[in-house]
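Dear colleague,

Please find below the structure that I am handing over to you. My findings come after it.

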Amino acid sequence: MTLNTNTSENQEEVILGARALGEQVYKIMPTYDLLLEQLQEIRSTAAKQALKKQNRCGGNDKQDFNNTVGIFGPRGTGKSSALYTLRNYLSKDMMNILLPLIEPDNFGENTKIIGSIVGLLCEEGNKLIRSLKKLHILKNDERDVPPDLSSYFYNGTLKPNNPLKQIIDETIEYHLYTERHYRDMLGQNFADLATHIRKSERLLIPDIEFKKKLMILIDTIIDVKKKLMTLEVNNKKDRATEECQSPVPLIYIFIDDIDLKTSKTRELMDALLQYTNHPNIITVLSGDYEILTESLTLALLQDEPLKELGLGAQDSLKVSAKDSEIESDKEGKLTILKRKTDLAHEYLKKIIPPARRHQLVKWNENTIPFFAFGEETLLEQLSRLFGKWSIFSYQDKEANETINKPIKRSYVIFDEKPRGIVNAYYHLNQLIKAKQNGEEIDVDKYFHLVKAFIDTLILSNTKLLPHQEFIFGKYLLWGSEAKSSSIQYDVLNEINNPYEIDKDFENLRVTLYVIGELVTNLLPKVTHDQVHYLNWRKDVMDQLLNQPIDIKRKSDQYIDQEYLKHNQYSDYRLFFLVETLAVFANPEISALISELIYNIDLNLYYKNRWTSEDTQVKDEYVISVIYSLLLQEEAMLSYRMQEGKNSEKKSMTILDKLYYQAYSNQDDINSKLANFSLNLLESLCAETAEVVIAERQFKLLMDVWDAALDKKQKEFSLAVNQEQLKKRSVEFMDLQIKRSLFLNSIITIKNTAVVLTKSNLKSTDIGYMLNVINGDRETSGNLTKVPDAIYSTLKNRMNKFAKDILLKFSEQNVSVELKEIDQKEAEIFMEAPAGISNTRFNQAKEAFKPIFNNKDNLKFRTYRFGLRTIEKLSQNNRVYYGRLEANVFLPKLKNASRFSVEAFSESERYTIHQYAKYIGANEVEKKMDTYENAKKFIQGKLYEAHNRFQSKTLADIKGYNLKLNDLDSDQDEPKKIDDYDDFFNDFEDLEISND
């Protein structure tokens with residue numbers, strides 16, 4: 001088992017623990033830059049304060065400083081890593097003094113927080129003293145001591161009892177006075193009364209005196225640090241200036257996980273409040289705010305003598321049921337718990353100002369792909385393991401550069417917290433290392449590595465915690481090797497959610513699907529039931545594709561009866577198209593479909609074309625998505641072919657699979673979905689740009705036809721018997737055909753000059769009104785919208801005009817003309833091989849003959865019969881003759897057909913022409929090259945897939961001495977135009993639905 005891939009040289013060693021994140025910090029702390037700005041503001045304030053102190057001659061002004069910054073987030077969200085990142089950044093400025101990280105949970109009961117801080121400050125002071133000694137050694141010969149530091153030296157030698165050393169010793173001494181046992185010892189050891197009184201003076205206000213000494217210690221450290229750094233920069237001109245940019249030093253105290261040890265929480269808060277309010281001290285805390293509040297609340301409750309007062313938990317910690325009924329009464333009946341909780345919140349506001357709290361965010365589907373060690377993101381690591389195309393990524397071009405892009409929904413398998421992600425990343429990295437450089441890998445070792453990776457994904461994902469027993473006990477059954485392991489898709493129905501909408505439940509379904517795909521990809525020999533797998537995949541894809549609520553949980557029979565039988569005229573047709581593609585595509589392409597559809601703002605799945613808004617825009621979007629999918633699939637299959645990774649089955653395109661499915665298992669719902677999708681895709685691609693543009697420009701007129709179609713469609717549900725249902729279905733189909741004929745007539749009329757003088761028009765005619773409006777606009781050169789009152793009148797009159805036209809063409813015996821039919825295209829259709837028996841293709845040819853022979857004066861009934869016969873053949877995947885030819889010829893026949901122009905009165909033609917002028921239809925519409933090219937590309941792929949299927953069929957039957965006409969069993973008795981009921985046998989299976 002080999003994999004030709006190399007681990008990047010830039011890949012850092014993956015460690016399980018906190019680390020400096022670099023730019024990754026923005027993924028979990030979007031306010032990181034704001035934090036840095038706040039630190040800079042504190043430094044500016046400290047500099048101003050130092051200047052004030054230096055310039056004032058005396059005075060006793062008092063100002064409190066609170067420079068505490070909080071980094072908050074739940075456990076495992078990366079708080080410690082955020083601290084390390086900040087420390088790493090601050091360490092670049094030599095003026096900063098960074099005390100070692102304090103972790104209260106490592107402290108015993110005898111270790112005090114403030115004692116630790118004092119100890120670290122004293123250690124920092126001793127470091128500065130050692131620096132002063134080095135300074136003396138450098139200057140020993142010249143005895144050149146800087147004036148600012150003269151108090152520290154005597155005759156060029158550092159004083160043993162220098163000011164910094166003195167204040168360090170005094171601070172430690174006065175800190176000891178704050179400790180009870182030390183005070184007791186001083187009080188017991190004295191020689192005489194005078195000595196006792198002198199010692200006792202120090203014990204009267206130990207905290208105040210200690211704080212004074214602590215502030216002096218901090219001032220002294222800051223002063224010496226600044227002088228040393230200034231001297232060092234002046235003496236070393238070649239030093240990079242960025243090493244010492246800041247005007248004044250700051251001391252940073254870092255305290256991590258302040259919430260972990262309840263016994264230390266109150267002490268920590270008190271220490272911060274009393275002893276760190278210095279302008280040059282910044283305290284950076286991290287923890288879980290909720291847990292911190294709880295800990296502080298418990299600490300405050302300990303101050304209350306509940307037992308002494310005889311209060312129990314019910315009385316002290318809860319609002320009784322009768323009190324809680326009235327919300328307004330609660331304010332006057334606060335429990336001790338509620339009061340202490342409120343006090344804890346207020347206390348924390350004072351200690352850690354909300355303005356300086358930075359809440360970490362969890363990683364999500366948008367950011368998880370870019371979780372990284374060094375320069376290697378999780379997305380790149382997954383691409384190394386699974387290839388350029390997988391359920392996690394695909395290739396795309398930006399600025400002429402091919403880049404990896406994530407399929408974000410698949411990353412739901414990873415935990416939302418860095419602690420969980422890094423564990424999965426670690427095993428992923430181990431798996432890649434084991435397979436790098438094309439080396440052979442032991443099968444058992446590979447299985448163990450894959451199992452460890454999958455197990456870690458599941459065990460580290462917090463949201464999967466409640467489901468781990470189900471996953472490992474029923475769904476993913478590991479054996480000692482791949483062959484003895486299995487995925488049980490049939491048990492997944494046990495986790496059905498009783499509620500309609502539940503985000504966590506939806507994520508669980510997607511997660512289980514991704515787990516299955518991961519195992520199958522990495523360990524192909526793991527067994528699973530294909531039928532249950534496809535059913536589960538369809539359910540998950542329906543969810544990811546935002547299945548319309550009207551068709552959720554509907555039976556296959558209902559879906560077929562109510563939707564699929566209507567082909568391109570079906571409700572929710574776009575959903576069934578993308579659903580079918582997602583179900584039958586390779587998992588990689590299927591995942592990409594969900595990525596492109598899942599988060600779009602467009603309400604994509606319109607119910608029907610007649611009453612929905614922006615249907616053309618939505619059609620165009622779906623075509624663009626399918627175009628992208630086919631390009632991605634083509635590139636993926638080509639790449640894998642070059643890599644030698646494609647089996648015959650895996651080399652099939654999605655369109656190959658649709659044709660194969662459509663021709664087999666004809667009564668199966670998957671076969672019907674495949675047939676439906678092929679027909680709809682062919683229909684969408686067959687629409688010409690001229691028709692698409694006319695639909696948009698003449699929407700006001702076409703809306704009347706659409707309203708009539710919607711009314712006809714609704715009448716289906718009112719049918720009381722099969723005969724009535726069939727009749728209404730035929731009327732609905734007739735109206736659709738006439739709508740298409742009317743649209744083609746409009747296109748012809750608008751492109752033809754119509755001359756009519758005003759004298760031949762009535763002032764009440766809409767054509768007259770349009771002529772006046774167009775004339776005024778041409779004269780004034782103002783093509784802006786007409787006033788609202790005029791537009792409203794125009795709209796109403798055009799609406800009435802359209803209704804009159806609709807009524808006019810509602811009669812059955814209306815004339816149709818095909819003057820623009822291409823003679824050559826018609827001959828190709830008529831002369832194509834059709835078999836020797838009464839095949840559907842031969843029937844279609846017979847139905848087309850009277851149309852072609854009477855193309856200048858054709859009755860609607862004859863046209864309808866021929867059109868529907870050819871259309872049915874183009875949608876019939878049971879035949880081997882004529883389907884492709886009918887599919888190619890049908891759009892040409894439709895586009896060449898229209899109502900006879902003579903059927904429109906001169907006034908009607910003039911009105912249409914003037915309206916076209918009003919809406920600017922005669923101006924050049926912006927080019928739709930991209931859309932048209934996409935349709936042509938898809939049509940080409942459909943043609944190629946159909947030819948491959950027929951070639952494969954011929955190869956398959958060759959050994960049996962059969963020909964295609966022997967397979968064309970879907971034959972019927974010839975139909976006649978007058979045989980009205982039998983002809984519309986599309987509807988012979990329609991039933992009045994009780995679902």
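This is a predicted model: local features need pLDDT of at least 70, side-chain atom pairs count only at pLDDT 80 or more; totals for chains, interfaces and linings use all residues.

Residues are numbered from 1 along each chain as its sequence is written, and side-chain values use heavy atoms, with hydrogens and water left out.

The protein has 39 helices and 17 strands (DSSP runs, H or I of at least four residues for helices and E of at least two for strands, numbered from the N terminus). Of its 995 residues, 50% are buried (under 20% relative accessible area; exposed is over 50% and partly exposed in between, with a 1.4 Å probe and protein chains only). Of the contacts (heavy atoms within 4.5 Å) with a separation of 6 or more, 77% join residues 24 or more positions apart.

Helix H26 covers residues 669–686. Its 18 residues span 26 Å from first C-alpha to last, close to the expected 26 Å (1.5 Å times one less than the number of residues). Because 16 of these 18 residues are buried, H26 is largely enclosed by the rest of the structure. At the start of H26, a side-chain oxygen of Asp 668 comes to within 2.9 Å of the backbone nitrogen of Asn 670.

Gly 115 belongs to helix H4 (residues 113–139). It counts as partly exposed because its relative accessibility is 23%. Its C-alpha lies 7.6 Å from that of His 175, which is 60 residues away along the chain.

Yours sincerely

Conventions. A polar contact is a pair of N or O atoms within 3.5 Å; within protein, one must be able to donate a hydrogen and the other to accept it, and residues adjacent in sequence count only if both atoms are side-chain atoms.
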